[in-house]
Amino acid sequence: VANQVKLVRAPIAVAELQQRIRDGSDGAVCVFEGIVRNNTRGRLTQYLEYEAYETMAQQELERLVQQAMQQFAVREVIVHHRLGRIEICEASVFIAVASAHRAAAFDACRWLIDMLKKQVPIWKKEFFVDGAVWADGEPFPAEVKA
Amino acid sequence: LLFGVLKDVYASVPAPSEMPSGATVDSILSHYRQSVPQQAPLLKSIAVAVNSEFARLSTKLNDGDEVALLPPVSGG
């Protein structure tokens, strides 16, 4: 699982990963990219900075990937999350799911990004023209809250 | 370890050092609640990790444990 999940500081090699994941037995590759939007509720964003509790984020992402592969019976999953400063339109997260059929690939991809956004310890700070704030974040599910 | 907004809020608060035996995750939170009372509500929405695993308020701490306070996450 370790080489399916990566926290990276350089731009995510989106095209290369999309090539790498495919196999003759696949009928579908579903890709989700989270990219940096130029505003939050109308306030103009200049760039974002992401930080993570890296050991735990790696471990939690590996667990989610394992769970997704079992639950949705997909063949392969790759998740890369970028940290540090990220500019508008650049990808902060990349998820690719390869599977024999499209339904499972779509479902697994959607499930992975939703779970990532709920409980993987990664945070973003938004830098606006007139200041910077940590994003509010999503409330933790009851199972993981202290 | 503190992350995100908690790192800023508690920047000047020393980490709890000597914890009595039998200390729990909640003992750590009390330390921060009392240091900056006006920010105590922040601690209601957090998760806590002990040695990189999600923990409960009642989780007991041992010598050398790494405790991380995690504000609501905003990855993706």
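Mentor: Two strands count as paired here if DSSP finds at least two bridges between them, and strands (E, at least two residues) and helices (H or I, at least four) are DSSP runs numbered from the N terminus. The model is a predicted one, with local features needing pLDDT of at least 70, side-chain atom pairs pLDDT 80 or more, and totals for chains, interfaces and linings using all residues. Residues are numbered from 1 along each chain as its sequence is written, chains are lettered from A and ligands numbered from 1 in the order written, and side-chain values use heavy atoms, without hydrogens or water.

Trainee: OK. What's the strand order in the open sheet of chain A?

Mentor: The order is E1-E5-E7-E2, four strands with mixed pairing. E1 (5-8) and E2 (28-35) of chain A are the edge strands, each pairing on one side only.

Trainee: And how much twist from one strand to the next?

Mentor: The average is 10 degrees, with axes fitted to C-alpha atoms (for helices, over the stretch in contact) and angles taken between N-to-C directions, from 0 to 180 degrees.

Trainee: Do E1(A) and E5(A) run parallel or antiparallel?

Mentor: Parallel, with 4 bridges joining E1(A) to E5 (residues 76-82) of chain A. A:Leu7 has A:His81 of E5(A) opposite.

Trainee: How many bridges between E5(A) and E7(A)?

Mentor: There are 6, and those strands run antiparallel. A:Ile78 faces A:Ala96 in E7(A).

Trainee: Then E2(A) and E7(A), in which sense do they pair?

Mentor: Antiparallel, over 8 bridges. A:Cys30 has A:Val97 of E7(A) as its bridge partner.

Trainee: Why is E7(A) called largely enclosed?

Mentor: Because 9 of its 9 residues are buried, meaning under 20% relative accessible area; exposed is over 50%, partly exposed in between (1.4 Å probe, protein chains only).

Trainee: Which strands does H1 of chain A lie across?

Mentor: H1 (residues 14-21) lies across E2, E5 and E7 (91-99) of chain A, at about 15 degrees to E7(A). H3 (residues 102-119) of chain A also packs on the sheet and touches E2, E5 and E7 of chain A (contact: heavy atoms within 4.5 Å). The direction of H3(A) makes about 150 degrees with that of E7(A).

Trainee: Switching to chain B. Where is B:Ser35?

Mentor: In helix H2 (residues 25-35) of chain B. B:Ser35 counts as partly exposed because its relative accessibility is 35%.

Trainee: Which backbone oxygen lies 2.4 Å from its side chain?

Mentor: That of B:His31, the distance being to a polar atom of the B:Ser35 side chain.

Trainee: How far apart are B:Ser35 and B:Val13?

Mentor: They are 6.9 Å apart in space, C-alpha to C-alpha, and 22 residues apart in sequence.

Definitions and conventions. Polar contact = N/O pair within 3.5 Å; in protein donor to acceptor, adjacent residues only side chain to side chain.
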